[in-house]
Every structure is written in C-alpha cells, then in structure tokens.
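Trainee: Could you show me how to read a helix and a core? I'm new to this.

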Amino acid sequence: MPVLFVGHGSPMNIISDNTYTRSLTALGETMVRPKAVLVVSAHWQTRKTFVSSAKTPPTIYDFYGFPPELYREKYPCPGAPEQAESVQKVAPGEIYADPGRGIDHAGWAVLKFMYPDADIPVMQMSLDVMKSPREHYELGKKLAALRHEGILIIGSGNMVHNLSRVNFEHLYGETYPWAVEFDRVLTELIEAGDHDSLIAYDRLPNTKLAIPTNEHYLPMLYTLALKEKTDTLEFICTDMQNGSISMRSFMITEAK
C-alpha cells in the first residue's frame, strides 16, 4: 500500500470545495482500495502509544466555535479491531489497544473526501507525549509490515501549524513569509531524503514560529519513516491556508 502524509488544517475544510479537498477526492478515486486505514493523529496525545480498536467508533468533534453544520457531519465508518491487533503485533509491548476511542477530525475530515461512503474500516494511533521525535520516527519504521497487509497508513497533521497567527477569516490569501519559507525548507529536505534534519527540526530557522508545538508535525515523521529506498514520493497538495498553515501533503508509493 502507499503511505500518505496529509495536512488537515482548519475544520472549515470539512464543508469546503477547494484545491485541497479536491486533491483528497482524486486520491480516493485513483489509489488502490485499502482493506483498512490507520491514521496517526495529531489530535490524540497520550502517555504510551494507543491504537483504537472499537468495532463502531464514534465521530469525535474535537473543534469548537465553528458553524453548526460542521457538527451535523457524520462519518459512520466501521472500526478495525482485527487490524488493530496487527498494529500491536508489529511493536510488541509498545502499542496498546483502546476499545473506546472514536475517530477525531484528523481522521474523518480527511477520509470524508477520500472515501465518502465511509465503508472502509478505520483505526487511529496516538502520539506518545513522552517520546522524542527520533523515537516517533523509529516507531514509524516498525509499521512497515502493515503496508503488505492492505493497510493504508496516513500521518495527519500539518508541516507548518501556528494557531496563534492563524487568519480564520480567509482560508486562502496572504501568507506569512516565515510560513512559506519553512514550508520550502522542509520540502527540500523531504525531496533530498534528509530525514535526520527533519527529525532534528528544532535546529531549523523559524521553527518556533512554524512549529510552536510539535503534535501536528510528528505524524509526518511516521510517514517518512516508511519510505523505502526504491519508493517514489509525490506531493499531492501544496496549498497554504489561513496565513500560517501548510496543507502540503505527499504520497509515498512503491516504484513500478
């Protein structure tokens, strides 16, 4: 299976038709259909690493103060308890099942466009707040076997994500120069395969502005950790939104 990193950005994308949401729709229409989806979520932070194993996971509305129609959206996907067992087995004693966890908007706001029928089993994996970026990357490597089991792994976050500077009035428009520059630097490092520099992102210029907290950045490291030497990498969206959020998304696929 391919591996994705998707910038999910503002919840307003849930009810928007734009170049970003259309890129997700195109992905769902052209990619091989997975048996299940595993989303590494920027919105689920825990002590230890957990994978959701609910049979019927509820839709989690983990955002506040948005238009009422957002809270009427549903994504009634089935859960993936059997595949959750496979996730635990790739890292014995390191990943634990959570049978009560639903699907937050880092997952369903993306999958709504890719798989609008909500007919593919979905599970999410949390971010252990005690792990270093290097430890997250190394755990990501252990997920590689899941690609051969028909599981689509999606890191869902944002490469640049500063909510204190966000302009919610305009989804598209003027963007901060430091946000554009940080997005450019990360893009060059991704294209060069320089994962060490991406793991040590705190040494890059403008990090405190671009990534004041790292929960949206870390899912990208899980995706990059799964890139094999012969895999190809393709950027599927390069948008900037709300002035301070990079929606840049990419797909890693097996070379043909």
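Trainee: Which are the buried residues of helix 1?

Mentor: First, some ground rules. This is a predicted model, where local features need pLDDT of at least 70, side-chain atom pairs count only at pLDDT 80 or more, and totals for chains, interfaces and linings use all residues. Residues are numbered from 1 along each chain as its sequence is written, and side-chain values use heavy atoms, leaving out hydrogens and water. Helices here are DSSP runs of H or I, at least four residues, and strands are E runs of at least two, numbered from the N terminus. Buried means under 20% relative accessible area, exposed over 50%, partly exposed in between (1.4 Å probe, protein chains only). In helix 1, Tyr20, Thr21, Ser23, Leu24, Leu27 and Gly28 are buried.

Trainee: Why do they line one face of the helix?

Mentor: An α-helix has 3.6 residues a turn, so residues three or four places apart point the same way. Looking down the axis of helix 1, the buried residues fall within an arc of 155° (taken from the directions from the helix axis to the C-beta atoms), so they line one face. Glu29 and Thr30, on the other side, are exposed.

Trainee: What covers the buried residues of helix 1?

Mentor: Think contacts: heavy atoms within 4.5 Å. The cover includes strand 1 (3–7), helix 3 (105–114) and strand 10 (249–253).

Trainee: And which residues touch the most other members of the largest nonpolar core?

Mentor: A nonpolar core is a set of buried Ala, Val, Leu, Ile, Met, Phe, Trp, Tyr and Cys residues joined through side-chain atoms within 4.5 Å. Of the 48 residues in the largest one, they're Leu38, Met125, Leu143, Leu198 and Met220. Helix 5 (residues 177–192) gives the most to this core, seven residues.
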